[in-house]
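The sequence and structure are shown first.

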Amino acid sequence: MNKNIKLFTEKLRDAKSVLVLAHKNPDGDALCSVLAMARLIEKNYHAKCVCVYDGNAPDYLDNIPLRDKALYWDKVSAKKTFDVAIVLDYGAEHQVGGPLEMVKKAKFVIEIDHHKNDKPIADLCLNDDTAEATAIILYRIMQTVGWRDDADIRDLLAIAILTDTGNFKFTQTGEALTVMADLVNKGVYINRLIELMNNKPRKAVLVEAAAVANAEFFYRNRLAVATISRRDYRDMDGRGEMLLNILGQIKGVEYIVLLKEQKETQIGISIRSRGAAIDGIAASFGGGGHERAAGAVVRGDTLENVHARIIEAFKGM
Ligand SMILES: [Mn+2]
């Protein structure tokens, strides 16, 4: 066992209280990794875990196991000092949101992440940007330490892998499949988990469908750009993965961009690629992510401007 994992287990063994969280507006990997981590700790150690999130936890994740254990962060007293805080799948400090103060106050901070990040915030980092989901790093640690698990933990790890790899479409190393094979052998039924996520509000699906219908195409149809206005943004559930998938099914489309007018001068950008890496483009807008799936949030600029800038950014791609 490497010394970082050994230190991690020692900290868990000695802790009485553990705070567990991920990035704000959690996606499948973020929320499921949090819930799986907390359950693993409670099954294998004596510590009490508190799971928190900031922003919106999407409706499509309402039916995942242990969902009720994740609390909106302001439900937990800011005065409480946790022995350990575990920050999973968070990407960068500014994406932690409301719970950041609680994290900073914790006696020991651990991070487990698969995002590229030059400025880690923890005392102990168990990061690996080659892992295809944070849940995969968690799975590896579970195997190394020999933690007891259960059906809920296995379902949560499986949902995290399915959502972060787009049902395996983005797997590059194959590790997602290897891990899933083990989970399936132990009783995970993939179709049931995918069905359980078919739980979006009708409005959310209709908003995404309308944005698909109104998408624009540039550079000989190689770039598709969809836009969600501020009024429609309120009805979204998740990041618009369905919309990005549909546009990516069009013959000749290589890059898909979704612009979300979150506030008048705050524009969310999601980018997907079927060709060259686009994480550099996300980075040029102050964001980041993975080679073929990345994003950014631009503050202080309008939808119109960001629309023009993103089209310009794809020039020559
Ligand atoms: Mn992730």
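In this predicted model, Y53 belongs to strand β2, which covers residues 48–53. Y53 counts as buried because 23 C-beta neighbours lie inside 10 Å, the cut-off for that class being 20 or more. Its contacts beyond four places in sequence are L21, A22, P26, L31, A70, Y72 and W73. N25 stands 28 residues from Y53 in sequence, yet the two C-alpha atoms are 7.5 Å apart in space.

**The sheet**

Strand β2 is part of an open sheet of six strands in the order β3-β2-β1-β4-β5-β6, with parallel pairing. At the edges stand β3 (70–72) and β6 (124–125); each has a single partner strand, so one side of each is left without a neighbour in the sheet. The partner strand β5 (residues 108–112) pairs with β6 in the parallel sense over two bridges. Within this pairing, I110 stands opposite L124 in β6.

**The nonpolar cores**

The largest nonpolar core holds 67 residues, of which L19, V34, L157 and I161 touch the most other members. Helix α2 (residues 28–44) gives the most to this core, contributing ten residues. A second, separate core comprises 30 residues, including L243, L247, I271 and A293.

**Helix α5**

Helix α5 spans residues 151–164. Over its 14 residues, the distance from the first C-alpha to the last is 20 Å, close to the 20 Å expected at 1.5 Å a residue. How many of the 14 residues of α5 are buried? Twelve are, so the helix is largely enclosed by the rest of the structure. The buried residues are I153, R154, D155, L156, L157, A158, I159, A160, I161, L162, T163 and D164. Charged residues are included in that list, R154, D155 and D164 being among them.

| Packing partner of α5 | Residues |
|---|---|
| α4 | 134–145 |
| α6 | 175–185 |
| α7 | 190–196 |

Helix α2 also packs against the buried residues of α5. Just after α5, G166 takes a positive phi of about 55°.

**The two domains**

The protein is divided into domain 1 (3–196) and domain 2 (202–313). Their centres, taken over C-alpha atoms, are separated by 27 Å. The contact between them takes eight residues from domain 1 and six residues from domain 2. On the side of domain 1 that touches domain 2, the residues divide into three nonpolar, two polar and three charged.

Y219 is found in the loop between β7 (216–218) and β8 (223–228). Is Y219 buried, exposed or partly exposed? With 13 other C-beta atoms within 10 Å, Y219 is partly exposed, since a residue is exposed at 12 or fewer and buried at 20 or more. Y219 and L19 are 200 residues apart along the chain, and their C-alpha atoms are separated by 47 Å. L19 is also one of the residues that touch the most other members of the largest nonpolar core.

Conventions:
Residues numbered from 1 in each chain as written. Predicted model: local features only at pLDDT ≥ 70, side-chain atom pairs only at ≥ 80, totals over all residues. Helix = DSSP H or I, 4+ residues; strand = E, 2+ residues; numbered from the N terminus. Contact = placed C-beta atoms within 7 Å. Core = buried A, V, L, I, M, F, W, Y, C linked by C-beta atoms within 7 Å. Pairing = 2+ DSSP bridges. Expected span 1.5 Å × (residues − 1). Domains from an automatic or database assignment.
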